[in-house]
Amino acid sequence: MHPIAQPRRRQLLQAAALGVAVLSTGCASVSTAARPRVVVVGGGWGGLGAVRGLLATAAADVTLVEPNEAFMSCPLSAHFIAGHQPATDFQRSYSRVDQLGARRVRERVLEIDRTSKMVVTATQRLPYDFLVLSPGVDYMEDGIQGYAEARAQLPVGFRAFEQMAVRQQVDEFLAKGGDFVISAPKPPYRCPPAPYERAFLIAEQMKQRGTKGKIILIDANPNPMPPAIAQPILKGMKGLYANQIEYLTDTSISAVDMGKRQLVTSSGDVPFAHANLILPMRAPALIRQAGLGERWANIRLPSFQSQVDDRIYVIGDSQGTPLPKSGHVAFGSGQRVAEAITERIAGKSPVVSTGAVDLPLGICWANVTHKEAININVSGTVVAGEPPKLKFTVDAEANARSGAAAVSWGNGMWKAMLG
Ligand SMILES: Cc1cc2nc3c(=O)[nH]c(=O)nc-3n(C[C@H](O)[C@H](O)[C@H](O)COP(=O)(O)OP(=O)(O)OC[C@H]3O[C@@H](n4cnc5c(N)ncnc54)[C@H](O)[C@@H]3O)c2cc1C
């Protein structure tokens, strides 16, 4: 008679951790699921960091849910918006993650059912053992009366592929002139230096093409954001674009009238020919629907686990810590959670550190001209349960070295994501 083999303790613990049924067949332990299932929502910077990390270890079945057929970068896309480079320079196909074995579902997630551990799209229910959420940002339209009705004419262009509609407006403005309003909201929002960079690259083109008119930069803040970059941004604005950019600070926008082409602001009415209103931001509704947070998802650092569900990791711009809303941080966080999930699958207990732990680094670029940029590096540490400590290192002024470094950084990141 054969002795009945007992499932190994580690397998049982692992299975219990995953909620996977283990059957004793009399000769071996058999798991009903071949490999744990990880669903990643969002094929942007954070989601791709997680997907590439998970595919590298081959410890799980990976499903990426992303409605777009291709990836388009927001970082560096100001060069497209201002007319320097074609859109294709900033786009990449998802074919590499398909080849590496991710299952890709080209749909939008409509609901997360945490009780049954399912991600719901219009046509599918996708079970998960671990869930990584990186759906980016939504715009908060409520604060500006009349915006919702005018949405199609006022593209924000801070999410993939929305850049096309902004480029159309910029082309029209550069050809015809007039007043072009660009606004910057109060933080937290995606890539705080980006509204200024956009204004600069358009202003550079105005100079080159002799466009008659001006950019009115309406800032809800007293100075350019983030504070560490205010001086080099103001230096660029005053030194290069004093005749092209009028800078209105501490000014909030409360209404838009597309009939009169006029904004109601706290500094008076502002007429415009074209407007690119960069709205305040928050995490997409999915995060609230799943009970993971209100404006942003509530997570624990350094693990990026949801405060209410430790099978769910929220990374990228949807999470609500003081970490910068940057693609570099999002990608690095994705890689980290891939590592943590792989370790959990292997049954390893998380390392609990009582001291400060390094956080994913942030690297951001603000171009002041097509060739010259300001580099911002953000490093940080966190002691579990305390707010993170961040350190900003910023170029004193825009320079060609940082302009070139921005281009090679972008190429390197896109390669790591989809090359
Ligand atoms: C103009 C500009 C310049 C920038 N420059 C820099 C820079 O120099 N350096 C830097 O590090 N960062 C920069 N950023 C910031 C960077 O783009 C973001 O921080 C980064 O994209 C955040 O990654 P994410 O994964 O959170 O979101 P995203 O990259 O936006 O990805 C979110 C993905 O989720 C998908 N999605 C949304 N909802 C759903 C759903 N319900 N179901 C399925 N999928 C969904 C979307 O289609 C999208 O593909 C810049 C941003 C802008 C706008």
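A: Helices (H or I, at least four residues) and strands (E, at least two) are DSSP runs, numbered from the N terminus. This is a predicted model: local features need pLDDT of at least 70, side-chain atom pairs need 80 or more, and totals for chains, interfaces and linings use all residues. Residues are numbered from 1 along each chain as its sequence is written, and side-chain values use heavy atoms, without hydrogens or water.

Take the second largest pocket. A pocket is an open set of points on a 1 Å grid over the protein atoms alone, where a 1.4 Å probe fits, with protein on both sides within 12 Å along at least five of seven lines; lining residues have an atom within 4 Å of a point. The space in this pocket comes to about 980 Å³, counted as the volume filled by probe spheres on points joined across faces, edges and corners.

Its lining holds 35 residues. Leu301, Pro302, Ser303, Gln305 and Val351 lie nearest the centre. The largest share is from α10, with six residues. By class, 18 lining residues are nonpolar, nine polar and eight charged. Here Ala, Val, Leu, Ile, Met, Phe, Trp, Tyr, Cys and Pro are nonpolar, Asp, Glu, Lys and Arg charged, and the others, Gly among them, polar.

Now look at the backbone by the centre. Leu301 and Pro302 are joined by a cis peptide bond, with omega about 5°. Pro302 sits in the loop between β21 and β22 (305-306).

Follow α10 onward to the ligand. α10 (327-345) supplies at least two residues of the ligand's shell, as do α2 (45-57) and β25 (362-367). That shell has 34 residues, and Glu66, Val109, Ser134, Arg190 and Gly327 come nearest; a residue is near if one of its heavy atoms lies within 4 Å. The shell divides into 17 nonpolar, 11 polar and six charged residues.

One is 2.8 Å from a side-chain N or O atom of Arg190. A polar backbone atom of Gly46 is 2.9 Å from a ligand oxygen. For a polar backbone atom of Ile363, the distance to a ligand oxygen is 3.1 Å.

Domain 1 (37-136 + 283-351) and domain 2 (139-281) both give residues to the shell, so the ligand lies between them. The domain bounds come from an automatic or database assignment.

Note on methods:
Polar contact = N/O pair within 3.5 Å; in protein donor to acceptor, adjacent residues only side chain to side chain.
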